[in-house]
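Please read it alongside the sequence and the model shown here.

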Amino acid sequence: TLLARVDIGSQSLDEWSLSIVGSSIRDIEIGSQNLFFGGEFTEFENEQRVNLAVVNKSDFVLSPFSPEPNELVSSVFEEIEGTISFGGNFETVKPTSPLIPRSNLAVLDKATGELLDIPAHPNSIIRDIIIEDDLIFVAGDFTQFGDSGRLGIASLDRQTLEVTSFALSLSSNGNAITVSDIETDENRVYFVARNTSKIAGAFDKATGNLLDWPSENLSSLVGN
């Protein structure tokens, strides 16, 4: 099985189970009414669902929502009011017929299911998405967002979906950078990244300035 659930009180597995045909579940988003699952699969609860599936949180009934991204979905994020954003390593989605090109990042209107236009797309995989205040932060393996250089972390305007001027000064030192996770609090955005070693860091949400936050080997990723 690709999924399991643990009772927090007893710390034991319960009997909850969902039928999935595929190789992996990469992300679970607990939404206001639904559970969103991203990964690499072709069937969910004995129905065709390609790499993204949604079930009702109370009774686990499968939703008809099925945008069918053609490859891996590694992150899903639902706004309580507004949109469903998902990222990964896909090239097309199919909220309706025909297939629509969307490289590695897609945003859907939750009420209508309409695929929203994103002015620029990343040139490689999206691994994490978080929406905070007026910004959508994305993390992954990319070096470009459209014509804009963005190394591993970028932000988009929540309303226009345009890439903002925010550009964290990370240096690759000749190596590829993977930013695998991002999280926020009131003032900071934290990230976990890897080039030749795994590090963690934080930057100021308002200014984009990298903070002097304790992290082993942080200096290896910080540009001048």
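## Overall composition

Of the 224 residues in the protein chain, 44% are buried, where buried means under 20% relative accessible area, exposed means over 50%, and partly exposed lies in between (1.4 Å probe, protein chains only). The model is predicted, so local features need pLDDT of at least 70 and side-chain atom pairs count only at pLDDT 80 or more, while totals for chains, interfaces and linings use all residues. Residues are numbered from 1 along each chain as its sequence is written, and side-chain values use heavy atoms, with hydrogens and water left out.

The protein chain holds 0 helices and 19 strands; helices (H or I, at least four residues) and strands (E, at least two) are DSSP runs, numbered from the N terminus. Among the contacts with a separation of 6 or more, 31% join residues 24 or more positions apart, a contact being heavy atoms within 4.5 Å.

## An open sheet and a neighbouring loop

Three strands form an open sheet in the order 7-8-11, with antiparallel pairing; two strands pair if DSSP finds at least two bridges between them. Strand 7 (73-78) and strand 11 (105-109) stand at the edges, and because each has a single partner strand, one side of each is left without a neighbour in the sheet. Strand 7 and strand 8 run antiparallel and are joined by 5 bridges, and serine 75 has glycine 87 of strand 8 as its bridge partner.

Glutamate 91 lies in the loop between strand 8 (83-88) and strand 9 (92-93). Beyond its neighbours within four places in sequence, glutamate 91 is in contact with Asn70, Ile100, Pro101, Arg102 and Ser103. Histidine 121, in turn, is found in the loop between strand 11 and strand 12, and the side chain of histidine 121 reaches the backbone oxygen of leucine 105 at 3.4 Å. Leaving aside neighbours within four places in sequence, the contacts of histidine 121 are Arg102, Ser103, Leu105, Gln144, Phe145 and Gly146.

## Nonpolar cores

In soluble globular proteins, nonpolar side chains tend to be buried together. A nonpolar core is here a set of buried Ala, Val, Leu, Ile, Met, Phe, Trp, Tyr and Cys residues joined through side-chain atoms within 4.5 Å. The largest such core has 29 residues, and those with the most contacts inside it are Leu105, Val138, Phe145, Val179, Ile182, Phe191 and Phe203. At least two residues of this core come from each of strand 11, strand 12 (126-132), strand 13 (135-140), strand 16, strand 17 (178-184), strand 18 (188-194) and strand 19 (198-204). Apart from this core lies another, of 13 residues, among them Trp16, Ile25, Leu35 and Phe41.

Isoleucine 153 is placed in strand 16 (residues 153-157).

## Two residues side by side

| Residue | Relative accessible area | C-alpha separation |
|---|---|---|
| Glutamate 91 | 54%, exposed | 6.5 Å to asparagine 70, 21 residues apart along the chain |
| Isoleucine 153 | 2%, buried | 8.8 Å to threonine 143, 10 residues apart along the chain |

How values were computed: Polar contact = N/O pair within 3.5 Å; in protein donor to acceptor, adjacent residues only side chain to side chain.
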